[in-house]
Amino acid sequence: MNDFDLVVIGAGIVGVSSALWAQERGLKTLLCDPNLPGSGASYGNACTLAIYACLPVNSPSVITGLPYLMASKDSPLSINYWHALTHPRWMLSFLNNCRASKVEHIAASLAGLLSHADAGINPLIASAGAEDLVVANDMISIWTTQKGWEGSKEGTEMRRRLGVDFTELSSDEVLDLEPAIRLRPYRGLRFTGARHLRDPQAFVTRLYQRFLDLGGTWRQNAVDQTEPRKDGVMVHLGRETVSASRVVVTAGAHSKTVKGSGAERLPLETERGYHLVYKNHGAKISRPVGWNEGGFYTTPTDGGLRLAGTVEINRIGAPMNRRRLAYIARRGAELWGPLDGPVEEWMGFRPTFPDSLPVIGPSPASDRIILAYGHQHLGLTLGGITGRIVTDLAEGRSPNLPIGAFSPARF
Ligand SMILES: Cc1cc2nc3c(=O)[nH]c(=O)nc-3n(C[C@H](O)[C@H](O)[C@H](O)COP(=O)(O)OP(=O)(O)OC[C@H]3O[C@@H](n4cnc5c(N)ncnc54)[C@H](O)[C@@H]3O)c2cc1C
């Protein structure tokens, strides 16, 4: 007899959603994290439940535009060359996944999972009484140059083919929706049905609180090691060891640190992202605005106007890159006009595989260990559905959607 039916390692949106789904279904569940729930990448994101966002960062234009993207100071992408040279496997595989045929497969796989995202998160919102933290007011994505808009057409067509719900907006229509924009938009897309969170950490905390109310167990401790056995898994957290029928690794960008889990063998890297919060400007807009040329979102949150995004390829332990923050501040002022000093500066770690798909499935180390991480730009959106799939797998059931594309065995 094991101590727990399920041990969940990592309490970001993916882990807390998994723990709540499992506890709701009656599995005796332990959730552990050295930090407070929702304080990793799930804290600082752009707050969007982005059910439309099936296009990966991988794209043929990354290959053609790479020299410009890497040389320009105005680029939303930054690469640390030393890190790139010392991690050739991930870099080459990422570039390989920028070929058109691969992108089509990635987008279709993400669109399939995203089409179930609401069904994964809505029951958790209802269970935790978190409706007040969710705003249903669509999202708009804007282009401020003709070149940018023309360059996005193939992606827009792919979205259409994959059934994403959106309408095209003229420049005036964008400004009718969000009159505070100061840089004249060229065109936009309005994604109907998209929602956003007023405060992602408060949201994760609400789900976590519900998990505890249902009798879930919490340990504020890191898991150092997992040891699969025939009838379960031994889990070492600091000085304590517990046994579980199954374990799920949901430690986001840190998942490789869980020894013995099989996660150490998979090619996970991080795309570092940044945010700035401007307290007095929260009422400027009524929905998230994604600026394509800028590479960041602007979202109205309880804490103020949050400008979040950009991609920096560098190691987790490298210091915060202040040039990235300066970039967002400067381009934010271009888009919105002058903004007062930010009240918050943040850097966080998106967990990303070279094919921009998460792993959700049994580990190569043992089928008693489930791996569920690598949600790159979409973890907030996909946490709920991932939690439901994890719980199905932990119960030995087949999920009611295809998950083959997310198998860890693809590596
Ligand atoms: C700037 C930015 C903007 C974004 N915008 C959006 C958006 O609008 N919409 C969207 O859907 N997604 C967005 N994302 C992506 C999203 O935030 C992530 O995909 C998501 O938060 C990942 O969740 P997670 O639970 O896997 O990881 P995390 O939230 O990072 O949680 C992992 C947890 O594991 C814990 N941990 C680490 N090691 C151990 C261990 N050994 N034992 C136990 N616990 C451990 C950590 O302490 C952490 O709490 C954005 C990301 C960034 C950076």
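Helices (H or I, at least four residues) and strands (E, at least two) are DSSP runs, numbered from the N terminus. On that basis the protein has 13 helices and 20 strands, and Gln 225 falls in strand β11 (residues 223–228). This is a predicted model, in which local features need pLDDT of at least 70 and side-chain atom pairs count only at pLDDT 80 or more, while totals for chains, interfaces and linings use all residues. Residues are numbered from 1 along each chain as its sequence is written, and side-chain values use heavy atoms, with hydrogens and water left out.

**Overall dimensions and surface**

- The C-alpha trace spans about 65 × 45 × 40 Å along its principal axes.
- Of the 411 residues, 57% count as buried (under 20% relative accessible area, with exposed over 50% and partly exposed in between; 1.4 Å probe, protein chains only).
- The protein exposes about 16500 Å², of which carbon and sulfur atoms supply 53% (Shrake-Rupley method, 1.4 Å probe).
- Among contacts (heavy atoms within 4.5 Å) with a separation of 6 or more, 77% come from residues 24 or more positions apart.

**Packing of α7 and α11**

- Helix α7 (residues 117–128) packs with helix α11 (residues 200–213) at an angle of about 70°, and their axes are 9 Å apart; axes are lines fitted to C-alpha atoms over the stretch in contact, and angles run from 0 to 180 degrees between N-to-C directions.
- That angle makes α7 roughly perpendicular to α11 (65 to 115 degrees; under 35 is roughly parallel, over 145 roughly antiparallel and the rest oblique).
- Helix α7 contributes Ile 121, Leu 124, Ile 125, Ser 127 and Ala 128 to the contact, and α11 contributes Phe 203, Arg 206, Leu 207 and Arg 210.
- These residues divide into six nonpolar, one polar and two charged (Ala, Val, Leu, Ile, Met, Phe, Trp, Tyr, Cys and Pro count as nonpolar, Asp, Glu, Lys and Arg as charged, and the others, Gly among them, as polar).

**Glu 312**

- Glu 312 lies in strand β17 (residues 304–313) and is buried, at 3% relative accessible area.
- Beyond neighbours within four places in sequence, Glu 312 contacts Ser 78, Thr 270, Glu 271, Arg 272, Tyr 274, Asn 321 and Arg 324.

**Gln 225**

- Gln 225 counts as partly exposed, at 33% relative accessibility.
- Apart from neighbours within four places in sequence, Gln 225 is in contact with Met 234, Val 235, His 236 and Lys 259.
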